[in-house]
Amino acid sequence: ATDMQRMARPGVAVAHCPRMLVRLGARVTPVHAMRAAGVRVGFGVDGGASNDAGSMLGELRLGLLMHRVAGGEGNVPWQQWLSPYDALTMATRGAAAILGRDDIGRIAPGLCADITGFDLSGVGYAGARTDWLAGLLVAGSENRAALTMVGGGLRVWRGQLVGEDEGRIRTRTDAATARLIEQAAAASGLDYRRMPAIA
């Protein structure tokens, strides 16, 4: 609690990356307590070494639910739970403000036109139509955007990258991974392919 107060006074902000916490077995972040103390908290996606999925939607889904058990005792009062709207604003307007950006984080004339859309027509969203945002963040399991625009330019359409071959991206990434493993093995003398899988 003292640290939170120390962070809140000068406006220190936190990038909350829930999947990284789960993957590394770290303690659940008490997002509700941080926000109550005045700490600015935004959602983020950690790097590939401790995330793998790289999905902002996945982070929102996990963070929206995970913080409810902060401390592991399941004792966060429901009145302090994040709402889907809280999670969305933490990842958009709130995160933009933390970065000192006023040209992103909202859809409005004159801003960057960074827009993401999701297809909620699948059976995974059945029954979740009374609150579209809650349906997206609580009911669904698909993390892939149907539409993504960056600076007004189309990057994803109907769930597929525009102008990129995903097979080639995967092949290049697999080759880079193999090189990194070989270099690490040469430098350390360890055979990483034979190590127990903890990932």
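A residue is called buried when its relative accessible area is under 20%, exposed when it is over 50%, and partly exposed in between, with a 1.4 Å probe and protein chains only as cover. By this rule, 27% of the 199 residues of the chain count as buried. The structure is a predicted model, in which local features need pLDDT of at least 70 and side-chain atom pairs count only at pLDDT 80 or more, whereas totals for chains, interfaces and linings use all residues. Residues are numbered from 1 along each chain as its sequence is written, and side-chain values use heavy atoms, with hydrogens and water left out.

View 1. Eight helices and six strands make up the secondary structure of the chain; helices (H or I, at least four residues) and strands (E, at least two) are DSSP runs, numbered from the N terminus. Their order along the sequence is α-β-α-α-β-α-α-α-β-α-β-β-β-α. Taken along the principal axes, the box filled by the C-alpha atoms is roughly 50 × 40 × 35 Å.

View 2. Helix α5 spans residues 84–91, and its buried residues are Pro 84, Ala 87, Thr 89, Met 90 and Ala 91. The cover over these buried residues includes α3 (31–36), β2 (40–43), α4 (56–66), α6 (93–98) and α7 (132–139).

View 3. Leu 133 is a residue of helix α7 and is partly exposed, at a relative accessible area of 21%. Apart from its neighbours within four places in sequence, Leu 133 has contacts with Pro 84, Tyr 85 and Leu 88. Although Leu 133 and Pro 84 are 49 residues apart along the chain, their C-alpha atoms are separated by 6.4 Å.

**View 4. The salt bridge between Arg 35 and Asp 86.** Side chains of opposite charge can pair when their charged atoms come close. In this view Arg 35 and Asp 86 form a salt bridge, with 3.7 Å between the closest N and O atoms. Arg 35 belongs to helix α3 and Asp 86 to helix α5, so the pair ties together parts that are 51 residues apart in sequence. Both residues count as partly exposed, Arg 35 at 34% relative accessibility and Asp 86 at 22%. A salt bridge here is a side-chain nitrogen of Lys or Arg within 4 Å of a carboxyl oxygen of Asp or Glu, and the count by this rule is four.

**View 5. Two further salt bridges, and the charges of the chain.** Asp 103 and Arg 101 meet through their side chains in a salt bridge, at 2.8 Å from N to O; Asp 103 is partly exposed at 24%, and Arg 101 is likewise partly exposed at 38%. A salt bridge also joins Asp 174 and Arg 170, with an N to O distance of 3.6 Å. These two residues are four residues apart in helix α8 (residues 166–188), so they are separated by about one helical turn, and Asp 174 is partly exposed at 44% relative accessibility. For the chain as a whole there are 22 positive and 18 negative side chains, and the centres of the two sets lie 2 Å apart. In this tally Lys and Arg count as positive and Asp and Glu as negative, without His and the chain ends, and each charge is placed at NZ of Lys, CZ of Arg, CG of Asp or CD of Glu.

**View 6. A nonpolar surface patch.** Leu 154, Trp 157 and Val 162 make a nonpolar surface patch of about 280 Å². Patches consist of residues with over 30% relative accessible area and no salt bridge, where like charges are joined within 9 Å and nonpolar side chains (Val, Leu, Ile, Met, Phe, Trp, Tyr) within 5 Å. Leu 154 is placed in strand β5 (residues 153–157), and Leu 154 is partly exposed at 40%.

**View 7. Two loop residues with positive phi.** Ala 113, which is not a glycine, has a positive phi of about 60 degrees. Ala 113 is in the loop between α6 and β3 (115–117) and counts as partly exposed at 32% relative accessibility. Arg 158, another residue other than glycine, has a positive phi near 55 degrees. Arg 158 sits in the loop between β5 and β6 (160–161) and is exposed, with a relative accessible area of 68%.

Definitions and conventions:
Areas by Shrake-Rupley, 256 points an atom, 1.4 Å probe, with all protein chains shown as cover. Contact = heavy atoms within 4.5 Å.
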